[in-house]
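Here is a short note to read alongside the sequence and the model. Please keep both open while going through the points.

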Amino acid sequence: MIPKEISNCTCLETLALYQNNLVGEISKEIGKLKFLQKLYLYRNGLNGTIPGEIGNLSLATEIDFSENFLTGEIPTEIIRIRGLTLLYLFEITQFFLFDLK
């Protein structure tokens, strides 16, 4: 599991926790990392949904949740991340895309 205390690292720009056999849900506390630009959580055992708080990562340019056991909808809040140039979601258990109307 990603510890909730990670949100105390307020100046963090890159969080690379890929291939670490992490299990559990992605905490909504991840949205408190205001300066985060790159988030790599691929190839773990993460489950549950992507929290809507992901939309608070306004400086993010790359996010990779691939090869996990995530389910549910991609949160519409993700469209608030204006500079996002890479969003990897391949080999995810089951996702339902949102409507960008």
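**Notes on the model**

1. Tyr88 is located in strand 7 (residues 86-88); strands here are DSSP runs of E with at least two residues, numbered from the N terminus. This is a predicted model, in which local features need pLDDT of at least 70 and side-chain atom pairs count only at pLDDT 80 or more, while totals for chains, interfaces and linings use all residues. Residues are numbered from 1 along each chain as its sequence is written, and side-chain values use heavy atoms, with hydrogens and water left out.

2. Tyr88 has a relative accessible area of 39% and is therefore partly exposed (buried is under 20%, exposed over 50%, partly exposed in between, with a 1.4 Å probe and protein chains only). Apart from neighbours within four places in sequence, Tyr88 contacts Ile63, Asp64, Phe65 and Ser66; contact means heavy atoms within 4.5 Å. Glu67 is 21 residues from Tyr88 in sequence, and their C-alpha atoms are 9.4 Å apart.

3. Is Asn68 buried or exposed? Asn68 is buried, because its relative accessible area is 2%. Asn68 belongs to the loop between strand 5 (62-64) and strand 6 (69-70).

4. A polar atom of the Asn68 side chain lies 3.0 Å from the backbone oxygen of Leu41. The backbone nitrogen of Gly45 is 3.5 Å from a polar atom of the Asn68 side chain.

5. The largest nonpolar core has 22 residues, and Leu39, Ile54, Leu57 and Phe65 touch the most other members. Such a core is a set of buried Ala, Val, Leu, Ile, Met, Phe, Trp, Tyr and Cys residues joined through side-chain atoms within 4.5 Å. Not counting residues up to four places away in sequence, Leu39 touches residues including Leu15, Ile30 and Glu62.

Technical notes:
Helices (H or I, at least four residues) and strands (E, at least two) are DSSP runs, numbered from the N terminus. A polar contact is a pair of N or O atoms within 3.5 Å; within protein, one must be able to donate a hydrogen and the other to accept it, and residues adjacent in sequence count only if both atoms are side-chain atoms.
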